Amino acid sequence: MTDPLDRLRVLCLALPEVTEKVSADVRSASSAQHGEPTWFVRKTFVMYADRHHDDRVAFWCAAPAGVQEELVTTAPTRFFRPPYVGGRGWLGVYLDVDDVDWDEIGEIVLDAYRVIAPRKLTALLD
């Protein structure tokens with residue numbers, strides 16, 4: 001199996017003006033690091049979670065209105081409401097499941113980008 005971090009990184013970095021950093025702790029404004037790769041298009045749009053809050057490999061991402069609720073309800077073995085950012089509609093996506101659909105993951109990442117990126121950058125996608 002290919003490392004899911006490598007696959008996720010390729011999807012995120014293929015988008016206009018995306019940068020990758022190790023993100024600061026999302027629970028506070030402190031400078032503590034949780035050591036997870038995070039992708040930004042001026043603001044965070046995808047965060048990797050390698051057993052960070054549980055024993056699962058996943059990522060958290062921005063999502064269009066209503067998507068989190070729909071996916072968590074219809075496929076709870078693949079999607080979840082992540083801690084801290086789930087209340088803002090962010091989606092958690094498990095990457096340690098059998099048969100990860102990387103085409104679907106690509107669409108989810110693209111949707112996350114569209115939610116966060118400035119309009120001039122999303123226009124480059126069309």
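Visitor: Is Gln68 buried or exposed?
Guide: Gln68 is buried in this predicted model. Its relative accessible area is 12%, and the cut-off for buried is under 20%.

Visitor: OK, and which helix is Gln68 in?
Guide: Gln68 sits in helix H2, which covers residues 67–74.

Visitor: What does Gln68 touch, leaving aside neighbours within four places in sequence?
Guide: With those set aside, Gln68 is in contact with Arg81, Pro82, Gly86, Gly89, Trp90 and Leu91.

Visitor: Which atom of Gly86 lies 2.9 Å from a polar atom of the Gln68 side chain?
Guide: That's the backbone oxygen of Gly86.

Visitor: Switching to Glu104. Where is that one, and how accessible is it?
Guide: Glu104 belongs to helix H3. Its relative accessibility is 22%, so it counts as partly exposed.

Visitor: And what's Glu104 in contact with, beyond four places in sequence?
Guide: Arg78 and Phe79, once the neighbours within four places are left out.

Visitor: Let's zoom out. How many helices and strands does the chain have?
Guide: There are four helices and six strands. Reading from the N terminus, the order is α-β-β-β-β-α-β-β-α-α.

Visitor: How much of the chain counts as buried?
Guide: The chain has 126 residues, and 44% of them count as buried.

Visitor: What about the largest nonpolar core, which residues touch the most other members?
Guide: That core has 39 residues, and the ones touching the most other members are Leu8, Trp39, Phe45, Val46 and Phe59. Helix H1 (4–13), strands E2 (33–41), E3 (43–50), E4 (57–61), E5 (79–80) and E6 (91–94), and helix H3 (102–116) each give two or more residues to this core.

Visitor: Which element gives the largest share?
Guide: H3 does, with seven residues.

Visitor: Tell me about Phe59. What does it touch, not counting residues up to four places away in sequence?
Guide: Quite a list: Leu8, Val46, Met47, Tyr48, Ala49, Leu91, Gly92, Val93, Leu95, Ile105, Ile108 and Val109.

Visitor: Back to E3. Why is E3 said to be largely enclosed by the rest of the structure?
Guide: Because six of its eight residues are buried.

Visitor: How does E3 run relative to E4, parallel or antiparallel?
Guide: E3 and E4 run antiparallel, joined by five bridges. Asp50 stands opposite Val57 in E4.

Visitor: Last one: what's the accessible surface of the chain?
Guide: About 7100 Å², and 49% of that belongs to carbon and sulfur atoms.

Methods:
Residues are numbered from 1 along each chain as its sequence is written. This is a predicted model: local features need pLDDT of at least 70, side-chain atom pairs count only at pLDDT 80 or more; totals for chains, interfaces and linings use all residues. Side-chain values use heavy atoms; hydrogens and water are left out. A nonpolar core is a set of buried Ala, Val, Leu, Ile, Met, Phe, Trp, Tyr and Cys residues joined through side-chain atoms within 4.5 Å. Buried means under 20% relative accessible area, exposed over 50%, partly exposed in between (1.4 Å probe, protein chains only). Contact means heavy atoms within 4.5 Å. A polar contact is a pair of N or O atoms within 3.5 Å; within protein, one must be able to donate a hydrogen and the other to accept it, and residues adjacent in sequence count only if both atoms are side-chain atoms. Two strands pair if DSSP finds at least two bridges between them. Accessible areas come from the Shrake-Rupley method with a 1.4 Å probe; for residues, only the protein chains shown count as cover.
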